[in-house]
Each structure stands twice: as structure tokens, then as C-alpha cells.
Amino acid sequence: MKAYFYKIFFLLSGIPGMLSAQHILQSELNLPRSGDEIVKQQVEYKDPGRSGENVLWDFGELKPVNDEYTLSYSEPVLVQDSIDAQNSFYILGLDTIRLKDLSHGSLLMGAEHYTTYYYYLTGNRLWVLGHENPTALLRYNPSLLAGFYPMRYQDSCLYDYQAEGIYSSTVPFTSGGEVQIKADAYGMMILPSGDTLRNVLRTHAMQTIRQTFSMGGDETVEQSSSIETCKWYSKGYRYPIFETLRSTLLTDSTETVNFETAFFFPPQEHYYLEEDPENLALQEEEADRIFDPWAGLTYNIYPNPVKNAPLEVELYLPRPADIRIQLRNTLGLVQMDQFKGSFPIGVCRFLIDAYTLTVGNYILDIWLNEKLISEIILKRSF
């Protein structure tokens, strides 16, 4: 079998003074723990929006589409060896792991919505050994890196992976590809419950998947796809507050959306918090923080790239502002210049007609009183 290797690198950038005030994911605060339980609620999908600084994520109008269910973590059962305790072992899906091989780490199981995930915790890394559900059993070899700590804004990790498994108890398959995890944005979010959270850090994971199914004899079926996963973390919570998933199928250089979904983790239903004093202390710290008048400014512009759709601008204003929006091409020629009016504190939205724009790059300028925001907009035809 062809040898695979991890290619891992970390990108650390930014002004230290600026980053120190932002949310940082840490192993002691954000690694999952046995006994923890939280509630997930499936809600309408919304584009996860842009990457970068001071982003506004307004999920306040998303409606539930499915019942709530729990996400819980527990320790696996140890199969005792009556003669030599060190030869006792755990059975996790397709893996058998002896106790003596766990001197520098621990095992964990995560269960949600008919699927059980098997994890290995070591130092400041979280690895996925595999997962199983009623239709599939999968094992990563070597283990799949799912998280690294500490993780700051713009930190990233890129690696190759491979896996093997069984589908519907009869069809063996192999899988491989590449995953990149990056803390790509921070800002403020408005939750479906109406709550507003600041100092939110988003992680973005893009996974490419190449699967080969053995149908019997020499017959095989190949399939290529990708999964984009975004998770939003708020200070004082060990687990994400919000999550979006988008799966696409790749056929002859054409992408087709397979499914899009989103999950809301209501803050009041993170039941582990009574046993998590470090995160509770961070919540109190955030409640006492005094923000600069413009520090609460957050915004989102999507979709970008834009095709045959309007460009939507969402702004959260921490103070009243007169708003003017200008769109110009890279040569500086103005394509649109509009005064939108005077707006109070809160969320405001604008739609920009992108249908008539020719393919190319543009610059969107937004004036809020004396403050200027500029973003590059890409117009594409495909």
C-alpha cells in the first residue's frame, strides 16, 4: 500500500497586542471530556460568510428544522486480562488498543445521532481513530488529526489522510484525501435564540475525499467529494456554539451540492459547565469587559465570489451611523455610489445588484460616518 505522510505546518501572524484580546482555543479549556453532555439543534443552513477580522454572523432568524438531540462523551469499556493487567484492552470499532500502549494518552467516545466516534487524546492534540453507525464502519490509519492546541486566529494545519472501512456490512472501501483546518475568522454572532456573543473564533475545515468501493471481483466504484465544516467558539464554552456543514460531489470537474445543514448548541444547555470552573470564570470576565465604541462593529458580505445572485451586506452597528456604499473596479472607476441613510444601533442589511457586473474583481467601500471598510469582491460566471 502506498505510504502516506502528514504534512503539517502552522501559520502564526498578526500583531501580538491585537491577538491577545481575542479568543484562543486551548487544550485545558476546549478538549472534550468524559461525562460532558451538550444539546444540538438542527437549524436552517446559512452561508458561513467571509473570513477575516470583526465579522458579523447573524443567525438570529434561523428556524429549527429538526428535534434536539444530545452529544455526549464517555470512556470506553476496558476488557480486563485476569493474568496481566497491562494486557487489558479496549475495542473501538475496528481497533483493538492495549492498556500498556496508552501511557501518554487517553481514549474517548463521542456519541451523537446514531454515530459513535472514537478519539485519542494526547498532549495538546485530538485524534480521530474512526467511527461507526448503522450503515458504515471506518478506521483511519494513521489516526486523523481533528484539533491542535493552542489555536489562535490564522493558525492552520494541513495534512493528508487515509482510511478503510465497510459500508452496509458487505462493501469494503478505502478513502483518502487532504484536510486543512484553520482559525480563519473572529467577530460577533447573533444566535437563533437572540443572544449576542462577542469574541467568537471560527474554525474552518475543508476535507477532500476520494473513495473507492469494492463491488466484487475486479469491479470498483470511485467517488470524489468534499466537506466544508465551520465551527464557532465563544469564550467560556468548551464546545462550539454553532456549526455548519456543506458537502459537495465532484464529477468531471463539476461540483454539485450534496447537502447543507447547520447546528445550534444552545448556551444554556451546555450541561457540563457546573464542573468546568475555568470556563465559568471566562464567562464572568467577558461579562465585565468594557468595549471601545467601535470595537463592536462587525460585518459580513456574501456570497463572495458572487455569481448570478445579489450581494448581501450585513452590518452590526455599535453606535448610530450614516452609511454610504460604493462599488468600484480595480482601476478605480465607480460602478455604484449610494447613500443608504442614517441607521441606529443594531443590525442593518443591504442588497447590491451584482447581476449586471462583468466578470472580474471589484472593491466594495462602506463608509460608517468617518470609518471606512473595504473588501475585495469577486464576480464569477461559474
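Student: Where is Pro150 placed?
Tutor: This is a predicted model. In it, Pro150 sits in the loop between E9 and strand E10 (156-167).

Student: What kind of peptide bond joins Tyr149 and Pro150?
Tutor: A cis bond, with omega about -5°.

Student: And what joins Asn141 and Pro142?
Tutor: Also a cis peptide bond. Omega there is about 5°. Pro142 lies in strand E9 (residues 136-148).

Student: Why is His113 called partly exposed?
Tutor: Because its relative accessible area is 46%.

Student: What about phi of Ser168?
Tutor: Positive, about 55°, and Ser168 is not a glycine. Ser168 falls in the loop between E10 and E11. Its relative accessibility is 36%, so Ser168 counts as partly exposed.

Student: OK, the core. Which residues touch the most other members of the largest nonpolar core?
Tutor: Trp57, Leu107, Met189, Trp232 and Phe242. That core has 65 residues. Strand E11 (residues 171-190) gives the largest share, eight residues.

Student: What does Met189 touch?
Tutor: Leaving out residues up to four places away in sequence, Met189 touches Trp57, Phe59, Asp195, Thr196, Leu197, Val200, Trp232 and Phe242.

Student: What other core lies apart from the largest one?
Tutor: One of 25 residues. Among them are Trp294, Leu311, Ile323 and Phe350.

Student: Now Phe264. Buried or exposed?
Tutor: Buried, because its relative accessibility is 4%, and the limit for buried is under 20%. Phe264 is in strand E15 (residues 254-264).

Student: Which residues does Phe264 touch?
Tutor: Val39, Lys40, Gln41, Val43, Leu191, Pro192, Ser193, Ile241 and Phe242, not counting residues up to four places away in sequence.

Student: How far is Phe264 from Ala205?
Tutor: Their C-alpha atoms are 18 Å apart. Along the chain, the two are 59 residues apart.

Student: Last topic, the open sheet of four strands. What is its order?
Tutor: E19-E18-E21-E22, with antiparallel pairing. The edges are strand E19 (334-343) and strand E22 (371-379), each pairing on one side only. Neighbouring strands are turned by 15° against each other on average, direction ignored.

Student: How many bridges join E18 to E21?
Tutor: Seven, between strand E18 (residues 321-329) and strand E21 (residues 360-368).

Student: And which residue in E21 stands opposite Arg324?
Tutor: Trp367.

Notes. Residues numbered from 1 in each chain as written. Predicted model: local features only at pLDDT ≥ 70, side-chain atom pairs only at ≥ 80, totals over all residues. Heavy atoms only, no water. Core = buried A, V, L, I, M, F, W, Y, C linked by side-chain atoms within 4.5 Å. Buried < 20%, exposed > 50% of the residue type's maximum accessible area, 1.4 Å probe, protein only. Helix = DSSP H or I, 4+ residues; strand = E, 2+ residues; numbered from the N terminus. Contact = heavy atoms within 4.5 Å. Pairing = 2+ DSSP bridges. Axes fitted to C-alpha atoms, helices over the stretch in contact; angles between N-to-C directions.
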